[in-house]
Amino acid sequence: MKIDLNEILYAFSLGLDAAEYEFLGVTPGHAKRIAAMSILVGKAIGLSDNELIDIAAYSILHDNALTEFNQEELEYMKYNGGRTYSPIDFMIRHCTIGEINTKLLPFRTNNRDVILYHHENADGTGPFRKVAQRTPIKSQIIHLGDMIDTHFNLLDPSEGNLQAINDYVRANTGTLFSPEVANAFSKAVKKKQMKVFQFTNIDGFLRSSIKHHQDEYTPQEVHNLATLMARIIDFKSHYTCKHSLGVATKAEIMAIHYNFNQEKTIRYYLAGALHDVGKLMIQNSILKKPARLTDEEFLIMKNHAHYTFEILRNLKGMQDIATWASHHHEKLNGTGYPFGLSAKDLSLEERLMTCVDIYQALTEERFYKEGFSHQQTIQMMYEMARKGELDESIIEEVNAVFRFYHLESQPSVTEILRADMV
Ligand SMILES: [Fe+2]
Ligand SMILES: [Fe+2]
Ligand SMILES: [Fe+2]
Ligand SMILES: [Fe+2]
């Protein structure tokens, strides 16, 4: 499948930023600003084109483990009298999980330990006590961007702000930052470059400053990318911690059942993985509410489908995925959201995604309910079909496929079906 990995990650960063804002109070646009800063500094250091593409991608993903870490910490608190992780443990854990998560992604250059060491200080006082000479250059550059963006407002392009940033970098050279990275920063970021960080300029800069483009990725590589994104989304709230992955897997199984070709099947898996990406932009007080939502809260929750559309809509060559993903709450009788589409507008793929999402949501356990059995779920779905919401013929197929494969602990189903496919 042809994808532009960086474009997907830039789009996904909207959701990651929203999570980082909620957990750490970092201003929206953080990940893209670090990507832009990394490109500027990386060029001054002499990174190759492929390394620049990768460092931009890694900048977006530097805190990919934040939602997962948050869940881990909640578990920890449960068994430790409400005590949270220490700041150093926070550093070590989110770097470690983040490194593991990105290991299987299809990057172009050697990126070993880039995420693992993105909080190391040049003098060896960081979480893993690595001095600059033992820290990958990409980690050092991301660390610099991260520190600057969390200490200064890069949306202020004034001379005074630039001066203050330069003073900060100089004062911390040899301690937080290596002379190599600090010098590259002062060479690369002048008054003109401060404009790059503005919301109106940053997308253009990320696109034009490095030559990333669509490349052919194997189904397994796309699978790995989709699974990582699904995990990030799912960990936002542990009441739904397998939901996106469950939808992706079942969407893939149904795609194979419907004889979609291999390319379309992997695209459908990706759409399933991303269908709730908009939930990253919904605050946890609503996502994690340990009870049913009030009408007002439900109204806010419903926005997630529109956010999914906003995040995916501009991805070149992925219009089908954006559509399959963001229409999963549309109903045949026009009562769904976010666009109130009806039968004439909804293709088989969209109708199927809706059914898979509902099937997954009903069968999985939530805080306020046990998972329904396969039989109960199918009955409820037929009820929805009778009201004109769902496509009855698709429910029949979902019933046929999952009747015997319902158990969550059946990881081999996809494998079996995929083996059938080749
Ligand atoms: Fe971090
Ligand atoms: Fe950060
Ligand atoms: Fe949804
Ligand atoms: Fe969903």
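The site of the iron ion (ligand 4) is irregular, with angles of 82 to 169° among its 4 donor atoms. Donors are N, O and S atoms within 2.8 Å of the metal (3.2 Å for Na, K and Ca), and water is not among the atoms, so sites may look incomplete. Four donors count as tetrahedral if all angles lie between 85 and 135 degrees; four count as square planar and six as octahedral if opposite donors are over 155 degrees apart and all others between 65 and 115; anything else is irregular.

This is a predicted model, in which local features need pLDDT of at least 70 and side-chain atom pairs count only at pLDDT 80 or more, while totals for chains, interfaces and linings use all residues. Residues are numbered from 1 along each chain as its sequence is written, ligands are numbered from 1 in the order in which they are written, and side-chain values use heavy atoms, with hydrogens and water left out.

Which residues hold the iron ion (ligand 4)? His-243 (NE2), His-275 (NE2), Asp-276 (OD) and Asp-357 (OD) coordinate this ion at 2.2 to 2.3 Å. Their spacing in sequence is H-x31-H-D-x80-D. Asp-276 also bridges to the iron ion (ligand 3), and the two ions lie 3.4 Å apart. His-243 is in helix H12 (residues 243-257) and Asp-276 in the loop between helix H13 (262-274) and helix H14 (284-287), so this pair links parts of the chain 33 residues apart. Helices are DSSP runs (H or I, at least four residues), numbered from the N terminus. His-243 is buried, with a relative accessible area of 3%, and Asp-276 is buried with 2%. Buried means under 20% relative accessible area (1.4 Å probe, protein chains only).

Asp-63 lies in the loop between helix H3 (49-61) and helix H4 (66-79), and His-119 in the loop between helix H5 (87-102) and helix H6 (137-151), so the pair ties together parts 56 residues apart in sequence. Both Asp-63 and His-119 are buried.

Now to the helices. H13 and helix H16 (residues 319-326) pack at an angle of about 45°, with their axes 8 Å apart. Axes are lines fitted to C-alpha atoms, for helices over the stretch in contact, and angles run from 0 to 180 degrees between N-to-C directions.

Technical notes
Helix = DSSP H or I, 4+ residues; strand = E, 2+ residues; numbered from the N terminus. Buried < 20%, exposed > 50% of the residue type's maximum accessible area, 1.4 Å probe, protein only.
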